[in-house]
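Here is a short report on one structure.

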Amino acid sequence: MFIFKKIMIFITIIFPLIISVSAQERIGNIIVRQGIWNNQIVEYADRQIAIKIKSGVQTQDVLPLLSQYNAILIEGFDILRWGLIELPEGVDIFPVINVFRNINFIENIEPNMVIRSHFEPNDPLYLDGHQWGLKNYAQSPPGGTNDADIDAPEAWDVTKGSSNIIIAILDSGIPLNRNTLALSHPDLDDPNKFILGPDYVGDGFGVRDSAGHGTLVTGIIAAETNNNLGIAGVASNCKALVIQVFSANGGCLTSWFKSGVLYAVNNGAKIINFSGGFNGFWDYWMEDAVLYAYQNN
């Protein structure tokens, strides 16, 4: 497997956006809102803003500013110089944040974010222990060694992937309807997520999987997760670019590999998965393909 690391630079843009929901969730007595913060959808406490003041600034220095916005200090500034303010009912926090972030005595400012308990998906083959590679607790079946896994639940608490990341899967394809060649597997059927690339094998069926290996690999990487069905994908929020380089009998030519890598890079992939092996040789144009991917991040 070749994994090409993407170095990402984020430009902070604050949008005054609140996504309303029909049934408002509460944590305790606090209404939970959703909005865009640092280019990501986040959950935060309604009307609350966390503020860090600069060293030497006193609470009384901040109160006149709060008064201008009818805001109140609900948690005083602590030893880390962070305090929590609350705005009047119905006021969007993000325009206020945009103003406050330019105040000379404020060092940092952000929404009061919502934290969730550990994520465990509801996919049945994950819950019954079959995906022991993701979470192994010596279950039976299929049996195993406790914690001999990739710590998937711990990783999911950090990220489940991003739709901005395309993972190219160079394999035998993906399940497609025999007549329409449309996506046909309930865990792999989102056309906005699973991108059908070229078939370098040239069997006349697009990237339809006749071997099963590509379906397996694609599922491990990006199967729909937490949908009460099938398995859980490791990076289920990422997009998957499916490129066929393995035939029905599991064979692949180095030219297919090279072409697949170039297509993946030129079409936005930032991770390339190739689950294949070689019998004691290495091909230079394969090396050049990998180098090309590396040079393009």
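## Cysteines

Cys238 is buried, at 6% relative accessible area. Cys252 is partly exposed, at 27%. Buried means under 20% relative accessible area, exposed means over 50%, and partly exposed lies in between (1.4 Å probe, protein chains only).

A search of the whole structure finds zero disulfides. A disulfide is a pair of cysteine sulfur atoms within 2.5 Å.

## About the model

The model is predicted: local features need pLDDT of at least 70, side-chain atom pairs count only at pLDDT 80 or more, and totals for chains, interfaces and linings use all residues. Residues are numbered from 1 along each chain as its sequence is written, and side-chain values use heavy atoms, leaving out hydrogens and water.

## Helix α5

Seven of the 10 residues of α5 are buried, so the helix is largely enclosed by the rest of the structure. Among them are Gly214, Val217 and Ala222. Helices (H or I, at least four residues) and strands (E, at least two) are DSSP runs, numbered from the N terminus.

What covers these buried residues? The cover includes β8 (166-171), β9 (194-199), β10 (239-244) and β11 (269-274).

## The second largest pocket

Helix α5 (residues 213-222) also gives the most to the lining of the second largest pocket, with four residues. The lining has 15 residues. Gln131, Leu216, Gly219, Ile220 and Ile231 lie nearest the pocket centre.

A pocket is an open set of points on a 1 Å grid over the protein atoms alone, where a 1.4 Å probe fits, with protein on both sides within 12 Å along at least five of seven lines; lining residues have an atom within 4 Å of a point.

Definitions and conventions:
Contact means heavy atoms within 4.5 Å.
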